[in-house]
Amino acid sequence: MEQPMPPAPEEGTVQVLLVEDDERLARLTSRYLQEHGVVVTVAYSGTEALTEASRHTFDVVLLDLMLPGRDGLEVCRELRGRSDVPIIMLTARGEEADRVLGLETGADDYLPKPYSSRELLARIRAQVRRARGKAGPATQPVHVGRLTLDPRSLKATLDGKVLHLTTYEFGLLRVLAERAGRVLSREQLLDLVKGSADEVFDRSVDVHIFRLRQKLEEDPRNPVLLKTVRGAGYMLATGDET
C-alpha cells in the first residue's frame, strides 16, 4: 500500500533550483515536483546555476555533483559563500568520501542516484520546514550562556554577533542548545535533527560539528562551547560551564 506524502510546507510556494545536465532526468524530476506543487527552475550547468541564483530567490537548490565546466562542489562553495539557501546534492558518486566532501563544502543533505522522486520531495519539504522555522514545535528563543537562538527567524547570535549558519547547522545547534549540559550521541542527534528526511550516514554529524566549531569557537581545535565526550557524543556547555 502506497504511503501518503509528508505534508507540504504551509506558507507560500516552494521555489526550487534544479541543477542537472541530464536533460531527460531534469525533465522527469521537474514534472514530478511540479505535479506536487513545487515550482522548478532548471539550470544545465554550474555557470547557469550561479546566474539563476543571483537573479532569483530559491527555497532549495538541488545540485548535481557531476556538471560540465564548473562542477557541483565549486558551485556549492560559491552558493554557500553568498547565501544560506538549503542545498541538496544529487549525484551518482555515492562513496562516503564524496558525501563527506559535499557536506564539508556546504551542502545540507545528500541523495545518491538513482533516487526515489518521493524521497526527494520529502527531503525538499523537510529543508523548507527547517528554513521556515517549522522543524519542531518550540518557537521561543533559546538562551545558553553567550549564545541565543531564535527558531522563528533561524537567527543565532554569540555575544550579540550573528552566526551565519546553514539550516541544518542551525537545527543541530538548536537541538544541542535545548539540551545544554547533556551529552547526545550521534544517533540521537540524527534522530532529533532529521525532520522528515534521514541523514545518510553517521559521519555527517561529525562534519557538521566541525563546521559549527569553526563558527562558534575562538580556537576550534580546543573547543570550550561545543565539546566532544569521548566514546559518548557531543555536548553544548551551559553558561555556568563556560
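Modeller: In this predicted model, the largest nonpolar core has 27 residues, and those that touch the most other members are Leu147, Leu149, Leu172, Leu173, Leu176, Leu189 and Leu216. Two or more residues come from each of the strands β6 (142-144), β7 (147-150), β8 (155-158) and β11 (233-236) and from each of the helices α6, α7 and α8 (203-216), and among these elements α6 gives the most, with 7 residues.

Setting aside residues up to four places away in sequence, Leu176 touches Leu184, Leu189, Ile209 and Leu226, together with Tyr234, Met235 and Leu236.

The helix pair comes next. Helix α6 spans residues 167-178 and helix α7 residues 186-193, and their axes come within 10 Å of each other, crossing at roughly 115°; the crossing is right-handed. On the α6 side the contact is made by Tyr168, Gly171, Leu172, Val175 and Leu176, which meet Leu189, Leu190, Leu192 and Val193 of α7. Sorted by class, this contact of α6 with α7 holds 8 nonpolar residues, 1 polar residue and no charged ones.

Four strands form an open, antiparallel sheet in the order β6-β7-β8-β9, with β6 and β9 (161-163) as the edge strands, each pairing on one side only. On average, neighbouring strands of this sheet are turned by 25° against each other, if direction is ignored. The antiparallel pairing of β8 with β9 runs over 3 bridges, and here leucine 158 stands opposite lysine 161 of β9. Helix α6 packs on this sheet, where it touches β6, β7 and β8, and its direction makes about 120° with that of β7.

One further residue deserves a careful word, namely glutamate 104, which is found in helix α4 (residues 96-105). Glutamate 104 counts as partly exposed because its relative accessibility is 44%, a value between the 20% limit for buried and the 50% limit for exposed residues. Leaving aside neighbours within four places in sequence, glutamate 104 is in contact with Val207 and Arg211. Glutamate 104 and aspartate 206 are 102 residues apart in sequence, while their C-alpha atoms are 10.0 Å apart in space.

Definitions and conventions. Residues numbered from 1 in each chain as written. Predicted model: local features only at pLDDT ≥ 70, side-chain atom pairs only at ≥ 80, totals over all residues. Heavy atoms only, no water. Axes fitted to C-alpha atoms, helices over the stretch in contact; angles between N-to-C directions. Left-handed = near helix turned anticlockwise from the far one by under 90°. Contact = heavy atoms within 4.5 Å. Nonpolar A, V, L, I, M, F, W, Y, C, P; charged D, E, K, R; others polar. Core = buried A, V, L, I, M, F, W, Y, C linked by side-chain atoms within 4.5 Å. Buried < 20%, exposed > 50% of the residue type's maximum accessible area, 1.4 Å probe, protein only. Pairing = 2+ DSSP bridges.
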